[in-house]
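Visitor: I would like to learn how to read strand pairing and ring contacts. Please take me through them.

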Amino acid sequence: MRQARWNTSLSARRIEFNEPDRANRSPAFLLNAGRQFLSASSPPPSPSSAVGHIARQASFARMTSVRLFLLLALLSVPARAGTLAHFRTILGDIEVELYDQDKPVTVQNFIRYVQSGAYRDSILHRCPVNPLTGLSDFVVQGGGIFATNRGTTNATLRLIPTFADITNEFGVGRRLSNVYGTIAMAKRQGETNSANSQWFFNLKDNSFLDAPGTNGLFVVFGHVVRGTNVLNVFKTFKTTSTTTNVIRDLRASLGSAFGELPLLTAALRYDDLVYVDISLLNVGIAQTGGGREISWNSVKDKTNRVEFTTMIPPSWQTLVTTNGTGSPMTLTDASASNPERFYPVRVDY
């Protein structure tokens with residue numbers, strides 16, 4: 001994942017990229033990153049979800065659009081939908097719409113980690129089993145651990161270096177419940193304002209995590225728009241608490257978190273860890289001899305619409321409608337008569 005540096009010049013409208021320096025993740029700093037995991041170790045039986053929060057039907061296919069603004073956020077123009085994040089795993093892809101307007105600090109914090117490359121080669125490190133049902137149908141958690149030299153004999157697990165803790169936004173914007181298919185921030189036990197890099201997907205309705213107090217108020221900042229079939233795989237997942245060379249170095253730092261480590265098989269190898277790489281629907285614009293070149297990470301098998309406007313507040317017009325391939329796509333807008341021309345990409349779900 002590359003780190004985006006925004007150029008706010010309306011006439012240039014470019015994105016420049018810098019590769020993050022993974023070598024700066026020194027062991028000393030990593031060990032000082034602290035312990036952070038979802039404080040509720042096991043879910044209570046059949047919690048009920050609250051009325052008036054995210055619809056329990058979880059009919060995510062009804063979402064009309066997800067899109068990412070390139071420059072309009074800089075001008076405080078209201079967005080019709082949130083940033084789209086792609087979670088790529090060996091089990092399949094999960095696509096998540098983030099609640100930019102309702103939880104701005106939380107979403108920007110998450111985007112900052114994605115753009116810094118922190119979640120590259122990261123793993124899902126927690127998927128607790130309910131002792132009453134024998135199912136791992138509570139949450140699946142990530143954002144805390146990554147692998148260096150993945151795929152080699154020198155592979156090693158490390159803690160993801162964290163930025164400063166963020167303020168708890170549970171009471172900001174809409175009151176969003178921890179129901180099935182939502183993503184929320186993990187935090188340290190007993191500390192309301194302690195979220196930083198770790199997040200979790202709710203594998204069922206966990207509205208008890210909305211309760212006030214230091215062990216509640218887990219902030220939901222997005223929901224799955226495609227890939228719930230991947231989430232459902234974790235409901236019957238294998239976990240281990242066995243100490244092996246794979247986890248020995250981090251066990252002292254993470255404690256019980258490694259007692260709920262999801263694995264693809266029981267072999268306890270690096271290849272059995274569930275890796276996740278996260279990217280965004282990054283939209284880039286560059287000036288060319290033939291006009292402006294728009295590029296973005298397309299969404300496979302969905303209608304991708306590139307729109308434009310020359311005015312603020314915007315009046316959107318469609319430049320092109322195409323079927324996404326799942327790979328980066330580009331097109332050129334030859335109509336460059338107006339120096340202030342803005343482009344969002346919208347994906348229909």
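Visitor: Which residue in S16 is the bridge partner of Val-283?

Guide: This is a predicted model, where local features need pLDDT of at least 70, side-chain atom pairs count only at pLDDT 80 or more, and totals for chains, interfaces and linings use all residues. Residues are numbered from 1 along each chain as its sequence is written, and side-chain values use heavy atoms, with hydrogens and water left out. Strands are DSSP runs (E, at least two residues), numbered from the N terminus. Two strands pair if DSSP finds at least two bridges between them. Here Val-283 has Trp-296 as its bridge partner in S16. S15 and S16 (residues 291-297) pair in the antiparallel sense over 6 bridges.

Visitor: In what order do the strands of the open sheet run?

Guide: The order is S15-S16-S19, with antiparallel pairing. S15 (283-288) and S19 (328-333) are the edge strands, each pairing on one side only.

Visitor: How many aromatic pairs are there?

Guide: Rings of Phe, Tyr and Trp (its six-membered ring) pair if their centres lie within 6.5 Å; planes under 30 degrees apart count as stacked, over 60 as edge-to-face and the rest as tilted. The whole structure has 12 aromatic pairs. Phe-200 and Phe-218 have ring centres 5.9 Å apart and planes at 75°, so they are edge-to-face.

Visitor: Are Phe-200 and Phe-218 buried or exposed?

Guide: Buried means under 20% relative accessible area, exposed over 50%, partly exposed in between (1.4 Å probe, protein chains only). Phe-200 and Phe-218 are both buried.

Key:
Helix = DSSP H or I, 4+ residues; strand = E, 2+ residues; numbered from the N terminus.
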